[in-house]
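Open the model in your viewer and keep the sequence panel beside it. This tour moves from one selection to the next.

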Amino acid sequence: MAGDRQQTTDPHTGSPRRRVLTAAALAPLLAAAPASARARPAPLPHEPITSGGRKLIEPVHTTLADWKKVAKALGRTGDMKRKVMYHTGLPRRDLRVDSHHVRVKAPLALGSHVSFVRYADDSTLVMGDIVVTEHELQDFVDTLQEHRLHLTALHKHLLSQRPDVWWVHVHGHGDEPVAMARGLREAFDGTGTPPDKASDPDEKVDLDTDGIDDAMGAKGSVDDGIYKCIFVRKEKISDGKLVLPPGLGSTSAFNFQPLGHGRAAISADCCMIAKEVPRVLRALRKADAKLVELHNHGLTDEPRLFFVHVWAVGDAVRLARALRHAVDATDVVPAGS
């Protein structure tokens, strides 16, 4: 009798007789269910469903004219990327940042930017990566939150930098893109972020760019004196139920700043899925690249993406050839291919 009473006092297990009756009652239902349903439980309500149960929402084409009010609210002009992203660059040219005795140019690693995308349900997504000083950081985040814009990552791109700077990933989604732009403008106005100026796309760089292209397997481009090779993930990436355009929050970027005599400082960001991370980190260290940060950019991306920021200084072509092994360890293609 004492043993029976002890068994019945556990509300989670119940008595042996109760378990037998419960199993008998459920047996017909389990037998009628398909094998796949018995093998895998239904997703919890809070888990994102990116296929089957919920249809993903695709981005739609827009033009600069569609973003005039957003540009006015931001106080800065932007351009179109792949006919779907309204992109605005806000490089921190006001900052004089040094890392490992290298004066870092803004396009190398200090390039704040935000992108707006319109979707088929007429909603708008905004995502961005913003450079702020440590002194600016807390007020910047508070202002974002006041305007219902979210912080999804806080991290570093550089080692031993002076002054101390941070990179903030921002995220917003809703039906009022102008309101989101106003919130971003207020947050930017609390920092020293200057108005953008047009860069010269034809500016020459003192590097063997053909050699870098051949080593990286991608045609690079010049951005205000910095040579950049960009790669995008092959698979479809979603943020919750929203399909992300190629290159939005899912790029691998290798930026080369000339240092003279064929040498360069390289600030790079590799985009990976979980199973690729160990191989990429090994390849980067074999390339003599310094690891800076391993983190996520988003909260509801599918597949789950990881990013590693790295730093390297040396012969540009030799480093590019070594870094290519990290690129080859991921499922990416050159941007624009």
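**Stop 1: the cavity**

The largest cavity holds about 70 Å³ of space. Keep in mind that this is a predicted model. Searching the whole structure turns up one cavity of 30 Å³ or more. A probe the size of a water molecule, rolled over the atoms, shows where empty space is left.

Select the lining of the largest cavity: Met127, Asp239, Leu244, Gly249, His297, Gly298, Asp301, Leu305 and Phe307. Now color that lining by class.

**Stop 2: helices α8 and α10**

Next, select residues 209-216 for helix α8 and residues 316-328 for helix α10. Two packed helices are described by the angle between their axes and the distance between the axes. Here the axes come within 8 Å and cross at roughly 20°. Angles under 35 degrees count as roughly parallel, so α8 and α10 are roughly parallel to each other. Their crossing is right-handed.

Show the side chains where the two meet. From α8, pick Gly211, Ile212, Asp214, Ala215 and Met216. From α10, pick Ala316, Val317, Ala320, Arg321, Arg324 and Val327. This contact of α8 with α10 has seven nonpolar, one polar and three charged residues.

**Stop 3: helix α9 against α10**

Now highlight Val280, Ala283 and Leu284 in α9. They meet Leu323, His325 and Ala326 in α10. By class, the contact of α9 with α10 has five nonpolar residues, one polar and no charged.

**Stop 4: backbone details**

Most residues other than glycine have a negative phi, and most peptide bonds are trans. The next selections depart from that pattern.

- Zoom to Arg162 and Pro163, which a cis peptide bond joins, with omega about 0°. Pro163 sits in the loop between β8 (161-162) and β9 (165-174).
- Move to Glu302 and Pro303, also joined by a cis peptide bond, with omega about 0°. Look for Pro303 in the loop between β17 (301-302) and β18 (305-315).
- Finish at Arg82. This residue is not a glycine, yet Arg82 has a positive phi of about 55°. Arg82 lies in the loop between β1 (79-81) and β2 (85-91).

Methods
Residues numbered from 1 in each chain as written. Predicted model: local features only at pLDDT ≥ 70, side-chain atom pairs only at ≥ 80, totals over all residues. Heavy atoms only, no water. 1 Å grid on protein atoms, 1.4 Å probe; cavity = no way out; pocket = protein on both sides within 12 Å on 5 of 7 lines; lining within 4 Å. Points joined across faces, edges and corners; volume = space filled by probe spheres on them. Axes fitted to C-alpha atoms, helices over the stretch in contact; angles between N-to-C directions. Helix = DSSP H or I, 4+ residues; strand = E, 2+ residues; numbered from the N terminus. Parallel < 35°, antiparallel > 145°, perpendicular 65-115°, else oblique. Left-handed = near helix turned anticlockwise from the far one by under 90°. Contact = heavy atoms within 4.5 Å. Nonpolar A, V, L, I, M, F, W, Y, C, P; charged D, E, K, R; others polar.
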